[in-house]
Amino acid sequence: MQNEEEIIFRIVNGDLAAFKILVTQYEKLVSHMVGRLVQNREDAQDVSQEVFIKVYRHLHTFRFQSKLSTWIAQIAYVSAINHLKKNSRKNSLTDDITDFEHCYKTMENPETILLKKSHSEFINQQIALLPVQFRTVLTLFHLNEFSYLEIEEITGMPEGTIKSYLFRARKLLKEKLELYIKYQR
Amino acid sequence: MKELNEEEFARLLAQQLKEDGTGTDIDKDSVIYRELFSVLADDPVGLRNPGLADAVVAQISASEEKADVRKYNLAIAALLVVWILATYFTMNYISPSTLRSAFDFIGVYKWLFAFIILSFVIIQLADKSLVKNKLAGPD
């Protein structure tokens, strides 16, 4: 196993085999991040590719002041957000979260809920209905194991906001899961 | 996938229940939160992107090849421009006799110039038509 610095050095010198190793190492992180934000599968694949191309082009500017995973996640976040902004008619980034929380609670009726196969599938479908900010913090914290400080560095959101979004997102999902379990019985 | 150990889970749960303010039915809530945290940490199948590494590397290789071709074409164009300008300045600002002597020089070494041009053309044709073989080996 080669260390990260050596791989970066090789990539900066144009070694594509080394870059393939790096992509394999971080493809899960980028796919999770981009896939949760850009929900159209084909668009998400294009944005993921775009993220790694940006990583390749700008890797020489990486100064080891943060973890490479944080740096790559930051590029993935910015690319996904830019993609959403371009398609902002479909995906409004400025939706009022408070209004959303009110609507979300009555979004699905129990009959529809019962059609879902597993808790996992149900929760993932519910996550897809959450606002971008909630999806971002949930993915970065639970799936990609970033700390609050790292999420702050990636997204530029203050730590308090991140905690608040995480709390509210979990609470909404918990209520939905509770309802789901209730109707399952 | 983030595997929460008991300690981490207890911390997150306590925090969530404390902030939630509905900690009266802790047992029931803790079961639901436990389930939720476990699902949130699971790798979602739908987000996987198989073949991403190959696709990215292929795209970068293609764009680098294009960039090389572009650089080469620019170099040829620059050479042509320099040659045209040099001819123009020689004819108009130096003297026709200097130009004539330059052509005489080419005439004397015409076979050498023909050989250089022919070699250049053959190299270019070979570069475009021959297949590049790469030895197989561990990357």
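## Confidence

Where pLDDT is low, the predicted coordinates should not be read in detail. For the complex, the predictor gives an ipTM of 0.77 and a pTM of 0.71.

A word on bookkeeping: residues are numbered from 1 along each chain as its sequence is written, while chains are lettered from A and ligands numbered from 1 in the order in which they are written. In this predicted model, local features need pLDDT of at least 70 and side-chain atom pairs count only at pLDDT 80 or more, but totals for chains, interfaces and linings use all residues.

## Chain B

Chain B has 5 helices and 0 strands, running α-α-α-α-α along the sequence. Helices here are DSSP runs of H or I with at least four residues, strands are E runs of at least two, and both are numbered from the N terminus. Out of 139 residues in chain B, 8% count as buried. Buried means 20 or more other C-beta atoms within 10 Å of the residue's own, with C-beta atoms placed from the backbone; exposed means 12 or fewer, and partly exposed is in between.

## Two domains in chain A

Chain A splits into domain 1 (4-86) and domain 2 (97-184), with bounds from an automatic or database domain assignment. Each domain of chain A puts 12 residues into the contact, where contact means C-beta atoms, placed from the backbone, within 7 Å. On the domain 1 side, α2 (16-37) and α4 (68-86) of chain A are the elements giving two or more residues. That side has 6 nonpolar, 5 polar and 1 charged residues. For these classes, Ala, Val, Leu, Ile, Met, Phe, Trp, Tyr, Cys and Pro are nonpolar, Asp, Glu, Lys and Arg are charged, and the others, Gly among them, are polar.

## Where A meets B

Here, 33 residues of chain A contact 26 residues of chain B. On the chain A side, α2, α3 (41-58), α7 (119-129), α8 (132-143) and α10 (159-184) each supply at least two residues. The top contributor is α2(A), with 11 residues. By class, the chain A side has 14 nonpolar, 11 polar and 8 charged residues.

## The nonpolar core

The largest nonpolar core has 52 residues, and Val30(A), Met33(A), Val34(A), Ala76(A) and Val137(A) have the most contacts inside it. Such a core is a set of buried Ala, Val, Leu, Ile, Met, Phe, Trp, Tyr and Cys residues joined through C-beta atoms within 7 Å. The largest share, 9 residues, comes from α2(A).

Leaving out residues up to four places away in sequence, Val137(A) touches Ile151(A), Ile162(A), Tyr165(A), Leu166(A) and Ala169(A).

Conventions:
Two residues are in contact if their C-beta atoms, placed from the backbone, lie within 7 Å.
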